[in-house]
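Q: Could you walk me through reading a structure like this one, feature by feature? Let's begin with charged side chains.

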Amino acid sequence: MAFDIEMIKKLYASFPEKVAAARKLVGKPLTLAEKILYAHLADALPAKPYERGKSYVDFNPDRVAMQDATAQMALLQFMQAGRKSVAVPSTVHCDHLITAKDNSAKDLDIAIKNNKEVYDFLSSVSNKYGIGFWKPGAGIIHQVVLENYAFPGGMMIGTDSHTVNAGGLGMIAIGVGGADACDVMAGLPWELKQPKLIGIKLTGKMNGWTSAKDVILKVAGMLTVKGGTDKIVEYFGEGAQSLSCTGKGTICNMGAEIGATTSTFGYDASMERYLRATKRADIAELANTIKEHLTGDAEVYADPKKYFDEYYEINLSELEPHLNGPFTPDLATPISKMKEIAKANGWPTNVQVGLIGSCTNSSYEDISRAASLAQQAVDKKLKAKSQFTITPGSELVRYTIDRDGFINTFNNIGATVFANACGPCIGMWDREGAEKGEKNTIVHSFNRNFSKRADGNPNTLAFVASPELVTALAIAGDLTFNPITDTLTNTEGKVVKLDAPSGDELPKQGFDVKDAGYQAPAADGSQVQVLVSPTSSRLQLLDSFAAWEGVDLKGLKLLIKAKGKCTTDHISMAGPWLKYRGHLDNISNNMLIGATNFFNEKTNSVKNQLTNTYDEVPKVQRAYKAAKIGSIVVGDENYGEGSSREHAAMEPRHLGVRAVLVKSFARIHETNLKKQGMLALTFANTADYEKIKEDDLIDIAGLTSFAPGVQLTLALNHSDGNKEEIKVNHSYNAQQIEWFKAGGALNIIRATVKA
């Protein structure tokens, strides 16, 4: 039986009535996204429909999921909230802190020893507050959620941007920061700007080398990394119904790469098959009773341009395999064009490593199709010319593919199987030779390929593709190899051609596992003690941030004017820094060290206005903090793109940065800044970015009358004595302004408990 079945029964019992009421309010047929959103309102229906892209709405999500790197800070905050247990079903998943180096067994053993303090902390906090705990080795959060917790029509939030993966099972699943998770676990509503809606109709049916991965790689190329910001993408059409449930999950997963709030698909036969295969027939039976409400209304899909803010069509029958990259997931290249484009750009075409798996592509179907190519390589006497690695997404999948012989097949072409964890996808890859900084090319089936992300080498060009295409390119060792048309020469000197991959959507013998890795919480956690050593370098209890002083901010130093792409990887790197995710002061030593300084084109080198010397960003900011001087960070477009990690907002807050001023924000990062009591501002005129000078002292006026929709004024006091004023915008509503005044949302939660 499924987890939390009573909660699901309760939701489904009221779902039809809530959908009918929402349809009456809106006065027209509803998309699936609208149905789920209106069914999860925290308050009664409003007098008029919420306005997409403008209205802030309070919701009651059904559940919360946290991965170990972000759970530390989320739970440290929850411990301050004064609650005895979580108010909604919640889980912690230990997947981020396992370094991929040798093999699954050795790497897992080392991780358990090295991270014992953190794992013990997460286990005890989970035990105390009624949180389900998935042990190291159990699998990657998103795959485990899809296998155990996701359900059609549900709403969940998770402290990872790829929480959106659960849209593959018809959910509205949204990545958030730990403070948002803390709110929901504390029983408070969760606020979201009513998203705009993108409709994508999938026609035709995939064939040959094309996979679900190619759908989202195509969409990323169409919409770019910020095309989905503050929007939900809803897929539909006969092509959507032809996809497997896990294929749908892959598409939703990488929706984070276009900045989408989330993506989703309507409930269909593939979802029912998956629910039954993962021993949740009870949910399938319940969903079948209200299935017409778990997809968009027929009228919407018949005339989509009338109901969606944006609309696109993709013919799966004509879709070509893609390679996206390097350095950004939206640089989309059809495989047939790679030869000429790689040559034009001077990209190294020798593929050093092919990596498959991760939360994006680690399903049984993905692995079975890749294994069919590995078997072909053996049968056709081909040797893989590149290193090749597999990262299973869960112990359920790993155990099943081992039983069915796939791991042995991969071993036959010299593959390495890493632990059931994130590994190279998030930079937890101890890659031999990466420290040399040599220019090289890798291909992987992960979701992100920012500079330095996989192995820390800024000269590694990473290309994103389907597991099938990655496997073929690893066998060929050539980025420009097109398996649809090209041939290979085997060890006997014969010319051979790879056949299109094949595989099973679900295992014919069913899934199997000995120990999935789940630990249920104590029935009564009141006696459980959570200990944090005051001398720990890994964990640190949180102090409250100070409330706003009640005056305008004057004399802020410019810390950095970031140039170009500045993702959360640039603001708060992962990789070796992950071990400090539970210690705010220690991890703050990585603040903005990956951002490029506009004035000298260097990373981690900014001017200290107190000494007129250049130093590392965190050191300069600590000097300002010691001198009790506030500062401001200036950024470019889509600032904070990428991971949901709230450390990218908490570190500047902790070190005394008062405001972040950019051309535009990624959604999650902007919310994280607001939650921590920071000022998140945007240029009213993006050209004013050019006016910011290295030695500026900046005043922010208008805070004493801070109000929704009212611009603030910045005075730029230049070192030559000249002064300029510019207008800046913000998106704060009345409640968010209270977060700013209180010094952060958590301070308000704590105050309500004491009251």
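Q: How many salt bridges does the count come to?
A: Side chains of opposite charge can pair when their charged atoms come close. This is a predicted model, and in it the count comes to 38 salt bridges.

Q: Which residue forms a salt bridge with glutamate 549?
A: That's arginine 658, with the closest N and O atoms 2.9 Å apart. Glutamate 549 sits in the loop between strand 21 and strand 22 (553-561), while arginine 658 belongs to strand 26 (residues 657-662), so this pair ties together parts that are 109 residues apart in sequence.

Q: And arginine 645 with aspartate 569: are they buried or exposed?
A: Arginine 645 is buried, and aspartate 569 is too. Their side chains meet in a salt bridge at 3.1 Å, N to O. Arginine 645 is in the loop between strand 25 (631-635) and helix 22 (647-655), and aspartate 569 is in helix 19 (residues 568-571), so the pair ties together parts that are 76 residues apart in sequence.

Q: Which residues are linked in a network of salt bridges?
A: One such network links Arg23, Lys35 and Asp297.

Q: On to sheets. In what order do the six strands of the open sheet come?
A: Strands of a sheet pair through backbone hydrogen bonds, either parallel or antiparallel. Here the order is 6-5-2-3-4-21, and the pairing is mixed. Strand 6 (172-175) and strand 21 (518-519) stand at the edges with a single partner strand each, so one side of each has no neighbour in the sheet.

Q: Where does strand 21 pair, and what stands opposite tyrosine 518?
A: Strand 21 pairs with strand 4 (residues 132-134) in the antiparallel sense, over two bridges. Opposite tyrosine 518 stands tryptophan 134.

Q: Why is strand 27 largely enclosed by the rest of the structure?
A: Check the burial of its residues: five of the five in strand 27 (residues 679-683) are buried, so the strand is largely enclosed. Leu679, Leu681 and Phe683 point one way, and Ala680 and Thr682 the other way.

Q: Which strands do bridges join to strand 27?
A: Strand 26 is one of them: four bridges join the two, which run parallel, and alanine 659 stands opposite leucine 679. Between strand 26 and strand 27 the chain passes through helix 23 (residues 667-675), making a right-handed β-α-β crossover. Strand 30 (residues 723-729) is joined to strand 27 by two bridges and runs antiparallel to it, with threonine 682 opposite asparagine 729.

Q: Now helices. How many residues of helix 18 are buried?
A: An α-helix has 3.6 residues a turn, so residues three or four places apart point the same way. In helix 18 (residues 467-476), ten of the ten residues are buried, including Glu468, Leu469 and Ile475.

Q: What do the buried residues of helix 18 pack against?
A: Their partners include helix 15 (364-379), strand 14 (351-357) and strand 17 (440-444).

Q: What comes just after helix 18?
A: Glycine 477, which takes a positive phi of about 75°.

Key
Residues are numbered from 1 along each chain as its sequence is written. This is a predicted model: local features need pLDDT of at least 70, side-chain atom pairs count only at pLDDT 80 or more; totals for chains, interfaces and linings use all residues. Side-chain values use heavy atoms; hydrogens and water are left out. Two strands pair if DSSP finds at least two bridges between them. A salt bridge is a side-chain nitrogen of Lys or Arg within 4 Å of a carboxyl oxygen of Asp or Glu. Buried means under 20% relative accessible area, exposed over 50%, partly exposed in between (1.4 Å probe, protein chains only). A crossover is right-handed if, with the strands pointing away from the viewer, the path from the first strand over the helix to the second runs clockwise. Contact means heavy atoms within 4.5 Å.
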